[in-house]
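These are my notebook entries on one structure. I set down what I looked up, entry by entry.

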Amino acid sequence: MRIKCPYCGERDSQELSFLGQADLVRPDPDGTDAQQAFHDYVHIRPNPAGVNRELWLHAHGCRSWIIVERNTLTHAISSVEYASPRFREKAQ
Amino acid sequence: MKYSIFSLIHQAFRQQQDWKPAWREPEPKREYDIIIIGGGGHGLATAYYLAKEHGLRNIAVVEKGYIGGGSVGRNTTIVRSNYQEPGNIPFYEWSLKLWEGLEQDFNYNAMMSQRGVLNLYHSDSQRDEYARRGNAMMMHGVKADLLDRDGVRALVPFLDFENGRFPIQGGLLQKRGGTARHDAVAWGFARGADSRGVDILQNTEVKQIRVENGRTIGVETNRGFIAAKKIGLAAAGNTTRVAETAGLRLPIESYVLQAFVTEAIKPLIPCVVTFGGGHFYISQSDKGGLVFGASLDGYTSYAARGNLPGVEDTIEEAMAIMPGISRVRLLRHWGGIMDMSMDGSPIIDKTHIDGLYLNCGWCYGGFKATPGSGWCFAHLIATNETHPNAKALRLDRFATGHVIDESGTGAQPNLH
Ligand SMILES: Cc1cc2nc3c(=O)[nH]c(=O)nc-3n(C[C@H](O)[C@H](O)[C@H](O)COP(=O)(O)OP(=O)(O)OC[C@H]3O[C@@H](n4cnc5c(N)ncnc54)[C@H](O)[C@@H]3O)c2cc1C
Ligand SMILES: [Zn+2]
C-alpha cells in the first residue's frame, strides 16, 4: 500500500502510522448527555466495509496529520488531504 | 456413525467406501427456535452445546460461505489460558478444560496437543511482568512455570540466546497449552451438532436481522426469510456489518491478521514459542511445517489478505529468535479478519433488542476460546442468564468503565 502524502508525495505506508477513524468530534463535557456522548466518542466506530475516512500520521516523513479515504475491502485509496483545515487551504 | 477403532477396521475392509458425510445439507425450514449467524468455531460450538447440554433441537446455523472458511480455519491454532486480568482468566481456563475433554466429548480427532506454550522474556522488567502474570494465573488455580535461561535452553536449545538486541533471559511456560487442528474443530462441532438435529445451512448469507417492536423475528437471507425468536450473532470479523442491520453500533473495528506456513522439516520446535521483543508466535505442525504469525496489519480491513510490510515484520521477528530457520521456504500465507474490540477482550452478552444475543470481539485470541465461548453463549441463549465464567465479558463495560485491557493500550484496537 502506498499513500500519497500532500507534502512529500507518494510514500510506502510503512512511513505512516494509523490512528483510526477521522472526523470524530470531541463532545461537550458540559452537555447533558456527556456521559453517553463520550462513551460513543471513545468506543463506538462505524467500521464500514467500503470507503472510510481515516487519520494517518506521516511519522517518518513530514510529520503531517492527513486524512486518507480508503476502501477497507480493497485497500484502494481514493483521496488524501491534510487533516488541518489551515493546511488544506494553503495547499489549494 | 460413531468413529472408533472398529469403524476404522470396518472401513478398511470396504475400501473406505462406506463413510457417510459428516453432516447433512438440509433445506432451510421456515422457522427455527434459535438461529446462530456464522458457522465459524464459535457458532458451531454454540449450536453443539445448545443441543447437547440444553436439549434444544430446533436450531439452525446460518453460514454465508462454507463452514471452516472463516478465521476458525485460518488461525495459528494456539490454545492456552495464560491470561492476567481477573475477568479473563476464569473464562479461558474453563475453555482450556473443555479442550482437554473435547475429542472424547464430540467423538472427533481434533489433534489437540498439549505441547506447552512458552513466552520468552528478554529483560529484567519483562521477567517481572511475566512473574506477575504467572502469579495471577496461579491465584486462579492455573499452573505456570517461570523458567530461567537454562530452563529455556533445555527445552529449545536452537534459539538465538545471545541476540544483541533481544537476548533471551528465560520464559513463562504453560505446560497445558498447545495446539489443535483448527478445521477439525469446526468439523467436529458441526458433526456433533448435526447429529443432534441442528441444521447447518451453508451458502446462506444473512442480509438483515429483522426486528419488530424491539424483538427479533428472524433473518432475511439470500434463500429467503427464516423466522426465529432467538438469534445468536457469531460472525467474528463481520460482526458490525451484520449488527448494523439491526441498528446496533458496537465498540469494534475489523483488521486483517496474517499467518504463514513453511515447507515441512524434521521435528524441531517441541512447543509453542512466543517472542517477547515484539509479537511473534511459532509452532510446528504434525506434518512438519512451521506455523507462525505476528501482529495485525495496522489499519482496518475487510480484505482477507495482508500486505507485504506485515510479512517483512513477521520474518524479522522470526530471525530475532530463530536465525536457524532463515533458509526454510515459505509455502503459503493468508489473512483473516479480526473483530478487534476496544479493550482487546471479547463480548458475550444480550443486547437491547429482545432475543438478539452477541458473541464477538475475539480479536486474535478466539480460537482457544472456541469451546468456552460456545458453552457460555449457549448458556446465555438457552437460559437468558450470563454464565458465571463469562460475567465480566459484558457489552456495557465500556460505558461503566470496567474494561478488560490485558495489554494496557487503551481504546486503540490496532495496538491490542
Ligand atoms: C491469522 C490468524 C491467526 C490466529 N491465531 C490464533 C491463535 O493462534 N489462537 C487463537 O486462540 N486465536 C487465533 N486467531 C483468532 C481466531 O481464529 C478467531 O478469533 C476465531 O476463529 C473467531 O471466531 P469464529 O471461529 O467463530 O470465526 P469465523 O470462523 O470467522 O466465523 C465467523 C463466520 O461468520 C460468517 N458470516 C459472516 N457474516 C455472515 C452473514 N452475514 N451471514 C452468515 N454468515 C456470516 C463467516 O463467513 C464466518 O464463517 C487467529 C486468527 C487469524 C486470522
Ligand atoms: Zn509527508
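Which polar backbone atom is 3.2 Å from an oxygen atom of ligand 1? I found that it belongs to Gly365(B). I count a polar contact as a pair of N or O atoms within 3.5 Å; within protein, one must be able to donate a hydrogen and the other to accept it, and residues adjacent in sequence count only if both atoms are side-chain atoms.

Before going on, I note that this is a predicted model, in which local features need pLDDT of at least 70, side-chain atom pairs count only at pLDDT 80 or more, and totals for chains, interfaces and linings use all residues. Residues are numbered from 1 along each chain as its sequence is written, chains are lettered from A and ligands numbered from 1 in the order in which they are written, and side-chain values use heavy atoms, with hydrogens and water left out.

Entry on further contacts. I looked up a polar backbone atom of His42(B), which is 3.0 Å from an oxygen atom of ligand 1. A nitrogen atom of ligand 1 is 3.0 Å from a polar backbone atom of Ile78(B). The protein covers 95% of the 1000 Å² of accessible area that ligand 1 has on its own (Shrake-Rupley method, 1.4 Å probe; for residues, only the protein chains shown count as cover).

Entry on the shell. I find 37 residues around ligand 1, and Glu63(B), Ser71(B), Thr76(B), Tyr364(B) and Lys368(B) come nearest (a residue is near if one of its heavy atoms lies within 4 Å). The shell divides into 16 nonpolar, 16 polar and 5 charged residues. Here Ala, Val, Leu, Ile, Met, Phe, Trp, Tyr, Cys and Pro count as nonpolar, Asp, Glu, Lys and Arg as charged, and the others, Gly among them, as polar. S12(B) gives the most to this shell, with 3 residues. Helix H2 (41-54), strand S12 (252-264) and strand S16 (330-341) of chain B each supply at least two. Helices (H or I, at least four residues) and strands (E, at least two) are DSSP runs, numbered from the N terminus.

Entry on chain A. I read 2 helices and 6 strands in chain A. From the N terminus on, the order of elements in chain A is β-β-β-α-β-β-β-α. Along the principal axes, the C-alpha atoms of chain A fill a box of roughly 45 × 30 × 25 Å.
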